[in-house]
Amino acid sequence: DYEVPPPDNGTALNQIVEAPLLHILLVRRGGCSFVTKVKVAQNKGAHAVIIVDKKGSRFTAQEMRRIIMADDGFGASVK
C-alpha cells in the first residue's frame, strides 16, 4: 500500500489543471543509428522518442527484446 500525497500547488481536486503539451515522436528502426534518430527528433522539438521495429522485419518479439540501444559515440548532446 502507498499513499498519494495531495497536490502541492494549492489546486482543488475538482479544478482542471492545464498540462504542457508534449511532443512524442514515433520512428521506425533502421536506416541510421538510434542516436541520430533521437538527435533529429530533439532538433525538431520532440520531448520523447519511441522507436519501433522496421517494416518487413522478421524479428520475433523475443528477438526484439535483445536489441540494444546504445550510444554510437555521438550522443553527448542528447537531452
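Predicted model: local features only at pLDDT ≥ 70, side-chain atom pairs only at ≥ 80, totals over all residues.

**Entry 1: the outline.** How many helices and strands does the chain have? I found two helices and two strands, and along the sequence they follow the pattern β-α-β-α. I took helices (H or I, at least four residues) and strands (E, at least two) as DSSP runs, numbered from the N terminus. Residues are numbered from 1 along each chain as its sequence is written, and side-chain values use heavy atoms, with hydrogens and water left out.

**Entry 2: the whole chain.** I looked up burial next, where buried means under 20% relative accessible area, exposed over 50%, and partly exposed in between (1.4 Å probe, protein chains only). Buried residues account for 13% of the 79 residues. The accessible surface is about 7,100 Å², and 56% of that belongs to carbon and sulfur atoms; the areas come from the Shrake-Rupley method with a 1.4 Å probe, and for residues only the protein chains shown count as cover. I then checked contacts, meaning heavy atoms within 4.5 Å. Of those between residues at least 6 apart in sequence, 64% join residues at least 24 apart.

**Entry 3: helix α1.** Which residues of α1 are buried? In this helix (residues 34-43) they are Phe34, Val35, Lys37 and Ala41. They sit on the same side of α1, because they cover an arc of only 160° around the axis; the arc is taken from the directions from the helix axis to the C-beta atoms. A reminder I jotted down: an α-helix has 3.6 residues a turn, so residues three or four places apart point the same way. The cover over the buried residues of α1 includes β1 (24-28) and β2 (48-52). Just after α1, I noted that Gly45 has a positive phi of about 100°.

**Entry 4: the salt bridge.** I searched for a side-chain nitrogen of Lys or Arg within 4 Å of a carboxyl oxygen of Asp or Glu, and the count came to one salt bridge. Its partners are Arg29 and Asp53, at 2.9 Å from N to O. Arg29 is in the loop between β1 and α1 and Asp53 in the loop between β2 and α2, so the pair ties together parts 24 residues apart in sequence. Is Arg29 buried or exposed? Arg29 is buried, with a relative accessible area of 15%. Neighbours within four places aside, Asp53 touches Arg28, Arg29, Phe59 and Met64.

Entry 5: Val52 belongs to strand β2 and is partly exposed at 31% relative accessible area. Beyond four places in sequence, Val52 contacts Leu26, Val27, Arg28 and Arg29. Leu26, in strand β1, is exposed at 58%.

Which residues form a nonpolar patch on the surface? I listed Leu22, Ile24, Leu26, Ile50 and Val52, with about 470 Å² of accessible area together. Patch residues have over 30% relative accessible area and no salt bridge, with like charges joined within 9 Å and nonpolar side chains (Val, Leu, Ile, Met, Phe, Trp, Tyr) within 5 Å. Strands β1 and β2 each give two or more residues to the patch.
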